[in-house]
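Please read them with the structure open.

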Amino acid sequence: MTLPVGNDAAHAAFASAMESGALHHAWLFAGPEGVGKASFAKAAALRLLAEGASPGTLPPGFDVPEGDRTRSLIAAGSHPDYREMARQPKDADKPGQDLARSITIAQVRALQPMFMTTPSMSSRRVVLIDAIDDLERGGANALLKNLEEPPAGTIFLLISHAPGRLLPTIRSRCRLLRFDPLDDKVMSGVLRAELPQCDDAEIAALVKAGQGAPGRALGFAGLELAKLDEAMTAIARDGDPGNARRTKLAKLLAPKAAQPRYEAFLDRAPAFIASAAPSRQGRQLQTALDSYDAARALAASARGLSLDSQATVYEMAGLVAKLGEA
């Protein structure tokens, strides 16, 4: 399994802990969403279990060769000493769609029978939770008992996008490993490798939208963010006094088929407004800050209340236009 690009210091810290022979039983991989925490955790879990099954036979680092039994079992979802916990789909026939709001206490309790036995293939087992932020309160309390009295040989890898929101008692039981946003140069390299068909303008727009998180940027792939940015730039440049540009944009993003681009616009517009603030002073700066606050609130309401998309885009574009009116 290939390690995600970036955050070499975090990778090296975990590798050093593995090599020390005194690996802590619970790790909190914390940082912005989309920077590679989960990908690294899966690679680390594979290495831990493969190394436990065949000590001293693997190459350095996190590599596990193709054909390795542990690798095959994890790929098939049938490794007896590995559990991966995440939000489940509401409809089992539609995996990955319409996920439950949280990881439930029932999912945590389902781990208990495994904890009552010793690991099957080595002295180790791994439980990966992506993300611990999604764990409902009852589930968090149930998990805490396992973190306080860890089952023999069990290593917990917990992914968190917002560690400050976790129970302090959970944080205190874990060793923290921080993952940082990637810089623009590294981001550009990752995106060009993943999206060779994209032109320079689209890559640049995706780098901005990703805010240092390749996973976030890739979620916008194929949505022509560069054209959305061009439209907002034109509106912000002169304030759109005749309303023609914002009307055109609202009609463009209103159809049901444009829903993914509409969702991207709700994410991108507040960030676009925020990017204008550093170059402003006085009244212009205050206008940008006020517009940013209003844009964030509008985006949240649009999702939470399912507001009319055409009216929402028109109103959001009006907040962008204030940048040119100030």
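1. How much space lies in the largest pocket? About 1,200 Å³. Keep in mind that this is a predicted model. The pocket is lined by 39 residues, and those closest to its centre are Glu33, Gly34, Val35, Lys37 and His161.

2. Which elements supply at least two residues each to the lining of the largest pocket? They are helix 2 (37-53), strand 2 (82-85), helix 8 (184-194) and helix 10 (214-218). Helix 10 gives the largest share, with 4 residues. By class, the lining of the largest pocket has 19 nonpolar, 9 polar and 11 charged residues.

3. The second largest pocket holds about 410 Å³ of space. Its lining counts 13 residues, and the closest to the centre are Arg216, Leu266, Asp267, Ala299 and Arg303. Helix 13 and helix 14 each supply at least two lining residues here. The lining of the second largest pocket splits into 6 nonpolar, 2 polar and 5 charged residues.

4. Now the helix pair behind that lining. Helix 13 (residues 259-276) packs with helix 14 (residues 282-304) at an angle of about 165 degrees, and the axes are 8 Å apart. Angles over 145 degrees count as roughly antiparallel, so helix 13 and helix 14 are roughly antiparallel to each other. Their crossing is left-handed.

5. Which residues make the contact of helix 13 with helix 14? Helix 13 brings Tyr262, Glu263, Leu266, Asp267, Pro270, Ile273 and Ala274. Helix 14 brings Ala288, Ser291, Tyr292, Ala295, Arg296, Ala299, Ala302 and Arg303. By class, this contact has 10 nonpolar, 1 polar and 4 charged residues.

6. Helix 11 (residues 225-238) and helix 12 (residues 244-253) have axes that come within 10 Å and cross at roughly 155 degrees. That makes helix 11 roughly antiparallel to helix 12. The crossing is left-handed. On helix 11, the contact uses Leu228, Ala231, Ala234, Ile235, Arg237 and Asp238. On helix 12, it uses Arg245, Arg246, Leu249 and Leu253. The class count for helix 11 with helix 12 is 6 nonpolar, no polar and 4 charged residues.

7. How do helix 11 and helix 13 pack? The angle is about 45 degrees, with the axes 11 Å apart. Helix 11 and helix 13 are therefore oblique to each other. This crossing is right-handed. Leu225, Lys227, Leu228, Asp229, Met232, Thr233 and Ala236 of helix 11 meet Arg261, Ala264, Phe265, Arg268, Ala269 and Phe272 of helix 13. By class, the contact of helix 11 with helix 13 has 8 nonpolar, 1 polar and 4 charged residues. Leu228 of helix 11 takes part here and also in the contact with helix 12.

8. Two backbone details deserve a look. A cis peptide bond joins Asp130 and Ala131, with omega about 5 degrees. Ala131 sits in the loop between strand 3 (125-130) and helix 6 (137-148).

9. The other detail is Asn7. Its phi is positive, about 55 degrees, although Asn7 is not a glycine. Asn7 is found in the segment before helix 1 (8-20).

Conventions: Residues numbered from 1 in each chain as written. Predicted model: local features only at pLDDT ≥ 70, side-chain atom pairs only at ≥ 80, totals over all residues. Heavy atoms only, no water. Axes fitted to C-alpha atoms, helices over the stretch in contact; angles between N-to-C directions. Parallel < 35°, antiparallel > 145°, perpendicular 65-115°, else oblique. Left-handed = near helix turned anticlockwise from the far one by under 90°. Contact = heavy atoms within 4.5 Å. Nonpolar A, V, L, I, M, F, W, Y, C, P; charged D, E, K, R; others polar. 1 Å grid on protein atoms, 1.4 Å probe; cavity = no way out; pocket = protein on both sides within 12 Å on 5 of 7 lines; lining within 4 Å. Points joined across faces, edges and corners; volume = space filled by probe spheres on them.
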